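Q: I'd like to go through this structure with you. Can we start with the aromatic residues?
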Amino acid sequence: MNYKAPRGTRDIFGETVLGLNLLEQKAKEIFIRHGFEEVRTPIFEEAALFTRSIGQTTDIVEKEMYVFEDRKKRKLALRPEGTASLARAFIEHRMDISSPACKFFYSGEMFRYERPQAGRYRQFRQIGAEIYASSSPAADAEIIILAQQVLSSLGIDKINIHINSLGCEKCRPLFREALVKYFSSVEDLCEDCLRRLEKNPLRLLDCKIDSCKFTDVPEMSDYLCSDCKDNFSIVQLLLKKANCNFTVNGKLVRGLDYYTRTVFEVRSDAVGSQDALAAGGRYDNLIKEIGGQNTPAVGFAIGAERALLAAQSVGFFENLKSPEKIFVAIADQELFSEAFTFAVKITRDGINGNKNISVFGPINGKSLTNQLKFADKIQTSKTIVFAKTEFENGKVLIKNMKDKTQSEIELNKL
Ligand code: ATP
Ligand code: MG
């Protein structure tokens, strides 16, 4: 075949689909229990929305966005993340009025032009949640606890939650200044670091090339103003009270410019070098920045593919329950329409109260042997055979395809 899925994309099928559905279902249940409402935003937006919110000098905007022009020369971009779109929708629909609790979640495809590797794709899924209009540190703690609960519902309990505070517009400039001063004294910075030094010095802290050179680098914790300090300690207190283990990591920064105060990342040893399963934090200026009212906000996103990789390593997939496969066969061709009607009935009503079934057959014009061969091939657990003599007595045969035993049962009992 000449065609392949584009680099960095994947076809999702088989048990991965089951895993993904279960992950989304579990996340949704947890979000709803926490009072969150679902929002679905478009897969593409005006490119400027992302440039403005994520930040001009970030990796995402500089090199990872899929930007294109439509026929009317509008500059659009496939969404690289969910927060900016949700914030746009929140402002556009005055959701502060329609949903005054201001708690929302989403799940869907994101697109980033990255170098593909295990756990890093160009099209991937994120499941995320945001709380708007609350500046309370309790909202930060709730968001972190949510991330932990969703992962734990997949059996992923061995996680490390790293948290940090990036301060606010009052205290961050001093830290920034200290960083610029510090980095200017480091020799042989890489190209990216040199370019970002003036515009976005925080990003140097997590440079994959240079960060090992940075010893005694200034830490935000020494620069936090008293409000930010208090805030950060309440977040920590609430997490401790909720038995949510975390590590304060003074070097944690995030790849998006909109964060203020609390940021966090959930890491797992189970998924190799792409170890961040989820990430998020507070972004009190974003909504105003893109044209809304001054609205504090905090949120996070889980990377579905990475969460599934971690879930797989703890045996989560072994518990996935596929529907029971049932085949309806005919020993006599003239019973086809009866068998067909029965197959339709059980797809609607289930069999013995069990609706978690997949029904196959009947197949017209094939010998019973061939029908049974097919039933074996698709690994059905039961085959229900319509045969003339039994049918005339209101009965059918049930074949257990595993141990090959067979019994008769009255049709109206199924
Ligand atoms: P990383 O440092 O791993 O690139 P990031 O800082 O770009 O992550 P966010 O934008 O905060 O990540 O996204 C939240 C989560 O989404 C990540 O923790 C990760 O699990 C997942 N994620 C991000 N980019 C990708 C990708 N290209 N492929 C698969 N999952 C991804
Ligand atoms: Mg990234």
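Q: Which residues form one aromatic cluster with Phe-31?
A: Phe-36, Phe-105, Phe-264 and Phe-300 form one aromatic cluster with Phe-31. Rings of Phe, Tyr and Trp (its six-membered ring) pair if their centres lie within 6.5 Å; planes under 30 degrees apart count as stacked, over 60 as edge-to-face and the rest as tilted.

Q: What are the ground rules here?
A: This is a predicted model, in which local features need pLDDT of at least 70 and side-chain atom pairs count only at pLDDT 80 or more, while totals for chains, interfaces and linings use all residues. Residues are numbered from 1 along each chain as its sequence is written, chains are lettered from A and ligands numbered from 1 in the order in which they are written, and side-chain values use heavy atoms, with hydrogens and water left out.

Q: How many aromatic pairs does the ring rule give?
A: The count is 20 aromatic pairs. In one of them, Phe-316 and Phe-317, the ring centres are 6.1 Å apart and the planes are at 85°, so this pair is edge-to-face.

Q: Is Phe-316 buried or exposed?
A: Phe-316 is buried, at 9% relative accessibility. Buried means under 20% relative accessible area, exposed over 50%, and partly exposed in between (1.4 Å probe, protein chains only).

Q: What about Phe-342 and Phe-386?
A: Phe-342 and Phe-386 make a tilted pair, 5.4 Å centre to centre with 55° between the planes. Phe-342 is in helix 12 (residues 336–349) and Phe-386 in strand 14 (residues 382–386), so the pair ties together parts 44 residues apart in sequence. Helices (H or I, at least four residues) and strands (E, at least two) are DSSP runs, numbered from the N terminus. Phe-386 is buried, with a relative accessible area of 0%.

Q: Back to Phe-31. Which residues have the most contacts inside the largest nonpolar core?
A: Phe-31, Tyr-132 and Phe-300 do, in a core of 100 residues. Helix 6 (residues 137–152) gives the most to this core, with nine residues. Apart from it lies another core, of 15 residues, among them Ile-326, Ile-330, Phe-342 and Ala-343. A nonpolar core is a set of buried Ala, Val, Leu, Ile, Met, Phe, Trp, Tyr and Cys residues joined through side-chain atoms within 4.5 Å.

Q: And where does Leu-154 lie?
A: Leu-154 sits in the loop between helix 6 and strand 7 (160–165), and is buried at a relative accessible area of 1%. Leaving aside neighbours within four places in sequence, Leu-154 is in contact (heavy atoms within 4.5 Å) with Leu-23, Ala-307, Ala-311, Val-314 and Phe-316.

Q: Changing topic: how many salt bridges does the structure hold?
A: There are 30 salt bridges, each a side-chain nitrogen of Lys or Arg within 4 Å of a carboxyl oxygen of Asp or Glu. One of them joins Lys-63 and Asp-192, with the closest N and O atoms 3.5 Å apart. The pair links distant parts of the chain, with Lys-63 in helix 3 (residues 59–64) and Asp-192 in helix 8 (residues 191–199), 129 residues apart.

Q: What about Asp-227 and Lys-170?
A: Their side chains meet in a salt bridge, 3.6 Å from N to O. Asp-227 is in helix 9 (residues 226–241) and Lys-170 in the loop between strand 7 and helix 7 (172–184), 57 residues apart. Asp-227 is partly exposed at 39% relative accessibility, and Lys-170 is exposed at 56%.
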